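Please find below a colleague's note on the structure shown here.

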Amino acid sequence: MPIRRFGGHRSLVSHSQTPKLSYGYTKMNISRSGYRVFSANSTTACTELAKKITERLGVELGKSVVYQESNSETRVDVKESVRGQDIFIIQTIPRDVNTAIMELLVMAYALKTSCANNIIGVIPYFPYSKQCKMRKRGSIVCKLLASMLAKAGLTHIITMDLHQKEIQGFFSFPVDNLRASPFLIQYIQEEIPDYRNAIIVAKSPSAAKRAQSYAERLRLGLAVMHGEAHHSESDMADGRHSPPLSRTTTGHTGLELPCKTNTPATFIFTNFLMMAKEKPPITVVGDVGGRIAIIVDDIIDDVEDFVAAAEILKERGAYKIYIMATHGLLSAEAPRLIEESAIDEVVVTNTVPHEVQKLQCPKIKTVDVSMILAEAIRRIHNGESMAYLFRNIAVDD
């Protein structure tokens, strides 16, 4: 029996064991060297981004079939071997959000049970990201979705411009939150004539940090709109609107505040609690007269707030109004409202399919971000640093 040395010590290894160990180790390295890219969508419009990404990577889209049964159940059939490989699932989110989520979950679980090595979800727009805070007696749905994706077998996620950066803490695996701002800034510099005469506008104080990051990189002025016609997210964030507005109740009245009822301080405090919260009229902090106003945000869905902001900016003297956003959900009557508004152009990326909305409203323009998503896939598979993809990114972006 031959003697082998490991770190200065001697051990006995039989001839029958040697080929088996080395062969198994070599085969495992070979099987882990490849990767596949799949699309988890059942609609043609949603596979366009996946095709652009695979073209940039120089690979073919993985062979799979995703469809809905007659009873609306989701079925996924993977048509090729994925054993030991890195699998990237590209999932763009159409209007039917819940169907897209089920397609992603079912495909991830199918790949997990097919012994894929790593399953990385490429989800440019992460659904339910607006439901990342407690609302009255609701729930934090974004945390639930993160747990479901982990249970289905995902080991990594690539996304873009999460609604709140803190969402990354909901996941038990790595999340790469890419940014679309370099592409939107490039569009401003190349496609907006006389952009040096522009001013970056935040349509609410909560969007001021994002707007400031754009203004600093473009070396432009900053304006902030204060006061809203509709309730903002912060109004509903905390909870329960207690104590009740009326003190004439029957039955159990609950806990009472530990203070005397006849003191002036108690009277003032009680009246303060019962006063309705009033929104101030919309005002603009900053001079937009004779300037191009560029409103920046991460999501444009219901456009009523943007239309109202555009009207105010027009009244203040802005002669052109642009809306720049990463995710163009553009739900309901958004295309018609944009077309009839004072907005000159709405620029969004292709993280969400919106070809139908573009046909309804020529003001909607698209910026392609497939290049950065393809580069993220390549770097993750090769184990390279992702820092290159975050160049020229501000902290508050």
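**Notes on the model**

1. Helix α11 (residues 370–382) lies across β3, β6 (86–90), β7, β8 and β9, and runs at about 160 degrees to β8. Helices (H or I, at least four residues) and strands (E, at least two) are DSSP runs numbered from the N terminus. Axes are lines fitted to C-alpha atoms, for helices over the stretch in contact (heavy atoms within 4.5 Å), and angles run from 0 to 180 degrees between N-to-C directions.

2. The model is a predicted one, in which local features need pLDDT of at least 70 and side-chain atom pairs count only at pLDDT 80 or more, whereas totals for chains, interfaces and linings use all residues. Residues are numbered from 1 along each chain as its sequence is written, and side-chain values use heavy atoms, with hydrogens and water left out.

3. The strands β3-β6-β7-β8-β9, in that order, form an open sheet of 5 strands with parallel pairing; two strands pair if DSSP finds at least two bridges between them. From one strand to the next, the twist averages 15 degrees. Within the sheet, β7 (residues 118–123) and β8 (residues 156–160) are joined in the parallel sense over 4 bridges, and Ile120 has His156 in β8 as its bridge partner.

4. Arg219 follows α6 and has a positive phi, near 60 degrees.

5. Is Glu345 buried or exposed? Glu345 is found in strand β15 (residues 345–349), and its relative accessible area is 15%, so Glu345 counts as buried. Leaving out residues up to four places away in sequence, Glu345 touches Tyr187, Ile321, Tyr322, Ile323, Lys363 and Lys365. Ile294 is 51 residues from Glu345 in sequence, with a C-alpha to C-alpha separation of 9.6 Å.

6. The lining of the second largest cavity divides into 8 nonpolar residues, no polar and no charged. Residues of this lining include Ile93, Phe126 and Pro127, and α3 (97–113) and α4 (141–152) each supply at least two of the lining residues.

Definitions and conventions
On a 1 Å grid over the protein atoms alone, a cavity is a set of points where a 1.4 Å probe fits but cannot get out, and a pocket is an open set with protein on both sides within 12 Å along at least five of seven lines; lining residues have an atom within 4 Å of a point. Ala, Val, Leu, Ile, Met, Phe, Trp, Tyr, Cys and Pro count as nonpolar, Asp, Glu, Lys and Arg as charged, and the others, Gly among them, as polar. Buried means under 20% relative accessible area, exposed over 50%, partly exposed in between (1.4 Å probe, protein chains only).
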